[in-house]
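Biologist: I'm new to this one. Could you put it up and walk me through a few of its parts?

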Amino acid sequence: MTIERHYLYVGDRRVHYRRAGDGPPLVMLHAAPNSSFVLEPLIDQLAAVRTVLAPDAPGYGESAPLPLRRPTIHDYALALGEVLDALGLERVDLYGSHTGAKTAVAFALVRPDRVRKLVLEGYGLYTPEERDDLIAHFCPPIEPDWAGSHLVRVWAMRRDMFIFWPWYRRIPEARLPIDLPPPERLHALVVDFLRGGTFPWLGHLASFRYDGLAAISRVSVPTLLIAGEGDPLRSHLERLTASGTLHIESPPAGMHDAAAIASRIVAFLAGDGLPPAPPPPPVVTSRPGVVRRRYLPSRLGPILARFSGVPNGRRPLVLFQSSPASSEPLEPLLAEMAADRFVVAFDTPGNGDSAPFPGEPTIDDLTAILGDAIDALGIGEYDAYGYHTGALIGIQSALDRPNRVRHVIVDGIPLYSPEVAAELLEHYAPPMRIDPHGGHLVWAWNFRRDMGLWSPWYRRRRRAARRRDPYPDAEEQHAGAVDFLKAATTYHVNYWAAFRYPTAERLTRLETPALMTTKRGDSLAGGVPEAARLAPRAEAIGHAGFGSPEALAETAALFRQFLDR
C-alpha cells in the first residue's frame with residue numbers, strides 16, 4: 001500500500017500527515033518522541049480497509065509546534081480538532097498510541113460527537129510515584145556540543161527504549177521482551193526523533209501529567225484498549241476493568257506484530273456509520289514572506305517543495321539547492337524574492353524529504369525529475385537559481401528547456417579539471433555506513449563541521465583552511481547535521497553526479513542569459529570567472545550573501561535587476 005505524505009495549514013501552523021487507503025476515515029495519533037513515521041507498518045495493514053490519516057503531532061516530525069511553552073494534553077486535543085476541520089472530517093474512528101492515546105481520549109471527551117469508536121494501543125495509568133519518577137528522569141534536554149557527543153547519547157537513549165522500560169532504568173527487572181530493530185531502522189527512528197528539536201519531550205510531559213484514569217472513566221464512545229507483547233504499558237491493562245463501552249484485550253504471547261494488532265483493530269471497528277474520507281485539501285499559495293510546503297509528483301516519487309508568493313504575471317523563480325542539504329537553507333532567499341513573484345524551492349531527490357533515486361543519478365536525471373515537479377505546478381516560463389550542485393541543475397534545466405527557462409543564476413559553480421574531479425570523486429563524499437552503536441553520527445557531525453573548516457574538507461592543512469566569519473555555533477551545526485542525516489545513505493550520489501557532470505562543455509552550449517555569481521569566501525568562487533567566459537551570454541559579479549537582513553536585501557536586489565531585464 002502506498003503511503004502518501006501531505007501538508008495542511010491551520011492558519012500559519014504547518015501540519016504534516018501521512019495518508020493511505022480508501023474508505024471511512026481512521027485517524028491515527030502516534031507516540032512521542034517520534035512522528036507518524038513509526039506507525040507506517042500499522043498504516044500499511046489498516047489501509048487495506050480504511051482511509052488512514054496520521055498527522056504528526058505539533059512539534060514532532062515535520063509539524064510545527066504549538067505556540068505554548070508547556071502544552072497540555074487538552075491543548076493537543078484542541079489542535080487535533082483543528083486538523084480534522086482542515087481535513088473536512090466531521091466524524092472519525094480514532095486510534096492513539098501511548099502519548100497519542102492520551103490525546104485521543106481527551107478529544108473524545110471534548111468532542112464525543114466527532115468520534116464513532118476509539119482504539120487505544122498502550123495507555124499509561126501511572127501511580128503518583130511512577131509519574132514523578134518519569135517527569136524527573138525520562139526527558140533530558142538535548143544539548144548540542146562541539147564534539148557531537150550529544151548525538152551518541154541520543155542514539156543510546158533511543159536504543160535503550162527498546163531494551164528497558166523506562167529507558168533510564170537499566171536493570172534486569174526492567175528488560176523488555178522484544179527484539180532490537182536493525183541498525184537502519186534505528187537510524188531512521190533517531191533522525192525522526194531529532195526532527196523534534198533539542199527538547200522533543202513536551203508530549204511526554206503532557207502525557208505524564210494527564211490523569212489518564214479519571215479521563216478514561218468518563219469516555220462515552222465505544223473504546224478498545226489493547227497492548228501487544230513487548231509494549232511497556234501492557235501491564236497497565238490490569239489497572240482497568242472492562243465496562244459497557246470499554247473493551248480490554250491482551251493479545252496472547254507472540255501477537256505483537258502490526259498484522260496481529262491490525263486484525264484486532266479491524267474487528268473492533270467493523271460496522272457502518274462513517275462516509276468515505278474526502279480527498280486531501282490543497283495547499284493554497286501563501287502570501288509573500290510566508291513559506292509553505294507541499295509534495296509534488298514525479299517519475300521518481302514525491303518531491304518536497306517549499307514555496308511563497310502569489311503568481312502575478314512575473315515569471316516564477318525556481319530554486320535548486322546544494323548537496324547534501326534540503327532546501328530549508330534557501331528559505332530566507334525564497335521569502336525575500338517572493339515579495340514580487342512566486343518562488344519555489346525543491347529538496348533534491350535523495351536529500352531532505354524528497355524520494356531517493358534508486359542508484360547513482362546523473363545531473364540530467366535529477367533535472368528531469370525536478371522538471372516533473374515544476375510541471376505539476378503548472379508553471380510555463382520561469383527563471384532558475386542554483387547553488388553549488390543546484391547550479392548544475394539550473395544550467396541543465398536551461399539546456400533542456402531553452403524556451404521555458406529565461407534566465408539562470410549560477411551561485412557557486414562546480415567547475416573542475418578532470419584531475420580535480422577524479423580526486424573529489426574518490427575522496428569528497430564517501431558513503432555513510434550505519435553503525436549499530438551510533439558511531440556514524442559522530443562521523444556525520446565532523447564531516448559537516450570539517451566542510452566549514454577546510455576546502456576540500458579532507459585536506460586538513462593550513463593552506464586549505466576556510467576563514468568563515470562567523471563559524472556556526474553548536475546549535476546551528478546541530479540543525480545542519482540533522483538535515484544532513486535525513487539523507488544518510490544517499491547523500492553521496494548527488495555529489496558524485498556533480499563531479500561527473502561535464503560542466504565546461506555544457507557551459508559552452510548555454511544560450512540562456514546567465515549570472516555567474518557567488519559570495520565572498522565561497523569555496524567555489526574560483527570557477528566563476530571561467531564559467532562566465534565559457535557561457536556565451538553570461539556575466540560575472542559577486543553578491544553580499546544571505547547572512548544578515550541587509551546582505552539578503554542587497555543580494556535579492558541584484559538578482560531582481562538581472563531577472564527583470
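Modeller: Let's start with strand β1 (residues 4-10) and β2, which pair in the antiparallel sense over 7 bridges. Strands here are DSSP runs of E, at least two residues long, helices are runs of H or I of at least four, and both are numbered from the N terminus; two strands pair if DSSP finds at least two bridges between them. This is a predicted model, where local features need pLDDT of at least 70, side-chain atom pairs count only at pLDDT 80 or more, and totals for chains, interfaces and linings use all residues. Residues are numbered from 1 along each chain as its sequence is written, and side-chain values use heavy atoms, with hydrogens and water left out.

Biologist: Which residue in the turn of the β1 and β2 hairpin has a positive phi?

Modeller: β1 and β2 form a hairpin with 2 residues between them. Further along the pairing, Y7 stands opposite H16 in β2. The turn residue with a positive phi, about 65 degrees, is G11.

Biologist: Which strand is joined to β2 by 4 bridges?

Modeller: The two strands run antiparallel. The partner covers residues 51-55 and is β4.

Biologist: How many residues of β2 are buried?

Modeller: Buried means under 20% relative accessible area with a 1.4 Å probe, protein chains only (exposed is over 50%, partly exposed in between). Both faces are covered: R13, V15, Y17 and R19 are buried on one side, and R14, H16, R18 and A20 on the other. So β2 is largely enclosed by the rest of the structure, and the count is 8 of the 8.

Biologist: At what angle do the axes of α2 and α3 cross?

Modeller: Axes are lines fitted to C-alpha atoms, for helices over the stretch in contact, and angles run from 0 to 180 degrees between N-to-C directions. Helix α2 (residues 73-87) and helix α3 (residues 99-110) have axes that come within 8 Å and cross at roughly 75 degrees.

Biologist: How many residues of α12 are buried?

Modeller: The buried ones include L392, I395 and L399, and they pack against elements including β11 (317-320) and α11 (363-376). So α12 is largely enclosed by the rest of the structure, with a count of 11 of the 12.

Definitions and conventions
Contact = heavy atoms within 4.5 Å.
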